[in-house]
Number of protein chains: 2
Amino acid sequence: MPVHPLPARDAAADDRLLADFAELSAIGATPAGGVERQAATPEDGATRSWLARWLADRGFTVVADRVGNQFGLLELVPDAPYVLAGSHLDSQPRGGRFDGAYGVLAAAHAADRLRAGLAAAGRTPRYNVAVVNWFNEEGSRFEPSMMGSAVFTGLMPPETALGTTDVAGTTVADALTAIGALGERDVFGAGAPHTVAGYVEIHIEQGRELDKSGTTLGLVHRTWAANKYQISVLGEQAHTGATAIADRRDALYGAALAVVALRDLADRYGEELHTSCGRLTVLPNSPVVVPREVRMHLDLRSPSDALLAEADAALRATFAEIEVKADVRIERHVAHTWTGQDYPPAGVALAREVARDLGVSFMPVQTRAGHDSTNLKNAVPTVMLFIPSVEGISHAEAEFTADADLCRGLDVLTETLARMVEGALDRA
Amino acid sequence: MPVHPLPARDAAADDRLLADFAELSAIGATPAGGVERQAATPEDGATRSWLARWLADRGFTVVADRVGNQFGLLELVPDAPYVLAGSHLDSQPRGGRFDGAYGVLAAAHAADRLRAGLAAAGRTPRYNVAVVNWFNEEGSRFEPSMMGSAVFTGLMPPETALGTTDVAGTTVADALTAIGALGERDVFGAGAPHTVAGYVEIHIEQGRELDKSGTTLGLVHRTWAANKYQISVLGEQAHTGATAIADRRDALYGAALAVVALRDLADRYGEELHTSCGRLTVLPNSPVVVPREVRMHLDLRSPSDALLAEADAALRATFAEIEVKADVRIERHVAHTWTGQDYPPAGVALAREVARDLGVSFMPVQTRAGHDSTNLKNAVPTVMLFIPSVEGISHAEAEFTADADLCRGLDVLTETLARMVEGALDRA
């Protein structure tokens, strides 16, 4: 166990991080302090270019794979595998500036500190380091979310990702090509030049546990389970003024009953179940036409797989009632689902040691949100770290994390990455 | 009172009407038998061109006014005022092929029959005839509905209409210019070359009274009252997975409660109140974001002004409850409202006489839908005629009226127009 953690915090390093973060946050900035940089938009392209320049200026080799995951390679040990550190630079529409972007920037700074600091501290790397910006973690423009890391870990065929379209019908392949972000081949894995030794990610909590308890670091040990459905409510188009209520098969009335039922379900289970409808599209959406179809995205999350299954069954029963009440048909497709899963205990233990050694307050937390590490943790030794987010606000412009937390998070990430590069998780 | 009604029905005249209607219905045709020709789209432009050619071929002078109302002028008496006959060629998205288009085509055929037939029958015109295609009756692309006739009758300033934008931000002025449909000056009224002596319109019922009772002709004597509101439900953007239910200010939950409340209100009043939400737009509409805002169009209609006022008050109270329950704010704007109004009794009486003289079954009906005649009736002597629509289906591709009803409707329209041209409503 190294006894000399990497460069102790100094004001200059903190200032560099914060200055870079301010520069990065200006790209796609919204008036209320957020950013709008949805996947493969020009704004996403601008952040990628900014990162590429930053990395190249510091001697990293910048390369994208064939679904737009962006890497900055730093070779410390020729031909050795790479420990990846990163998150995502894409955002929600009117999203927060910390979500994802902080994790990528912190990884870049950590890798940069480590290159100089590791040798200076007399520590010996076993692996190389790659900063990673995963493509399309947010899934707002192209569904599903966590797309780049899903392809990277073999959960989604690259062709599926590249052929996915946004509402305007643009494919991922075309959108990535348009911003010059589509690589020609895989960078890691079988048939690719490099292999992966591990993954570490730092992210804002997107919950209020750390903020509430005044704790600096969250050791993520488990994910909530999630079911995401796409639903179509099918009715019949009619005239709003002329058509008798009894004759209507109003798809929007059916959809509204579903949204209300979804909330009722959450209220029934208390804090153990989150239910949401984030996207709802009405056809034809004319002021004087009874809607013929409503397409909805439902999102159910729980720390308990069993409770989620129970909620799923309850929803199914409610939909059958709504079909009768509104005289509509509800078609239901599961779009994306994951069970509650543990993060590798060895990774959690490593992060705990680092936090202790650095004197940073910490606590175990679960993640309700999905992250790229949700995909990576099943493939390679993985560590997931959280820093506080004020009042748990996220996917919103008001999302905020204090400078001190950003800087302390970087310290923990740097030392955790250093120990992974030294092989700390090999023994796991 | 003329004792020789204009050309009695003959098969050739019927065939011409039906052949032309089939040709017109092919423009913007949808797979399920409807049409999609929203105002000032290329498809609307194509129907306008088709009509212009049809009219010009038969000696009508075709001209558009400065908000895109299209006229086919037929001079019978130099310098005399004009009796207008028409409806609208624009449609809803995936709308029916009869709604509006039948009325314009029937007016063109009626005017054409009348030109030859009036003199042949030894009848003397006092007025000229103009076929009219009112711009943007539907209001699906540009709100509000009945826009062209509202400007024509002074209810809306032309600048307001021309500056109205669709969801893509295109103005009416630009859209009309793009299809070559924007005239340079007024055709009728003060400062314009012509004046108006009256207006007659024929339209499918958009209700099931005529179809149910097997009656051919509806004499429209009254409009339902209508309130159309635009509502904004304002909440707060948040993460669907991470944000505790108790912390949410979910605009879509508030909107769903409003849609359900709207239906409950209609159920409470029975057939005397129609309530609808036809358009609902979610912001930002991302699958994993709790919506910050929902914009809705609500539509309340009743034959009773008093009942509509009562429903309006009930809705206001319900919105206040929803604001508390969903922790949202509801902003409410009245967009468009009209009270229940009588059509001119002299016009109803004239249509009744014609129906009797032609041996066509008739009954008085109210209109639940708005029509251009709703605007015209307050300005000039007006007659509004309905023909049956099977099962009252409207604003939908399945909208259907039998050939026999189309042809008998044309006969009634032709003779009514002839009598108006002879001055039958001057005595009113």
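Copies of the chain are superposed by least squares on the C-alpha atoms of residues with pLDDT of at least 70 in both. With that in mind, here are some close-up views of a predicted model.

**Figure 1. The rotation axis that relates chain B to chain A.**
In general, two copies of a chain are related by a rotation about an axis and a shift along it. Look for B:Ala256: among the residues of chain B, its C-alpha comes closest to the rotation axis, at 2.2 Å. The same surface serves both copies, since 100% of the contact residues of chain B recur in chain A.

**Figure 2. The side of chain B that touches chain A.**
In this view, 56 residues of chain B are in contact with 56 residues of chain A. Several elements of chain B give two or more residues to this side, including strand E7 (225–234), helix H8 (251–269) and strand E9 (274–283). H8(B) supplies the largest share, eight residues. Sorted by class, this side of chain B has 25 nonpolar, 21 polar and ten charged residues.

**Figure 3. The open sheet of chain A.**
Follow the eight strands in the order E1-E2-E4-E3-E5-E14-E6-E13 of chain A, and you will find that the pairing is mixed. At the edges are strand E1 (61–64) and strand E13 (362–367) of chain A, each of which pairs on one side only. Neighbouring strands of the sheet are turned by 30 degrees against each other on average, direction ignored.

**Figure 4. Strands E3 and E5 of chain A, side by side.**
Strand E3 (residues 82–87) and strand E5 (residues 196–204) of chain A pair in the parallel sense over four bridges.

Chain B has an open sheet of eight strands with mixed pairing. Strand E6 (residues 217–223) of chain B runs parallel to E13(B), and six bridges join the two. Within this pair, B:Val220 has B:Val365 in E13(B) as its bridge partner.

Technical notes
Residues numbered from 1 in each chain as written. Chains lettered and ligands numbered in written order. Predicted model: local features only at pLDDT ≥ 70, side-chain atom pairs only at ≥ 80, totals over all residues. Contact = placed C-beta atoms within 7 Å. Nonpolar A, V, L, I, M, F, W, Y, C, P; charged D, E, K, R; others polar. Pairing = 2+ DSSP bridges. Axes fitted to C-alpha atoms, helices over the stretch in contact; angles between N-to-C directions.
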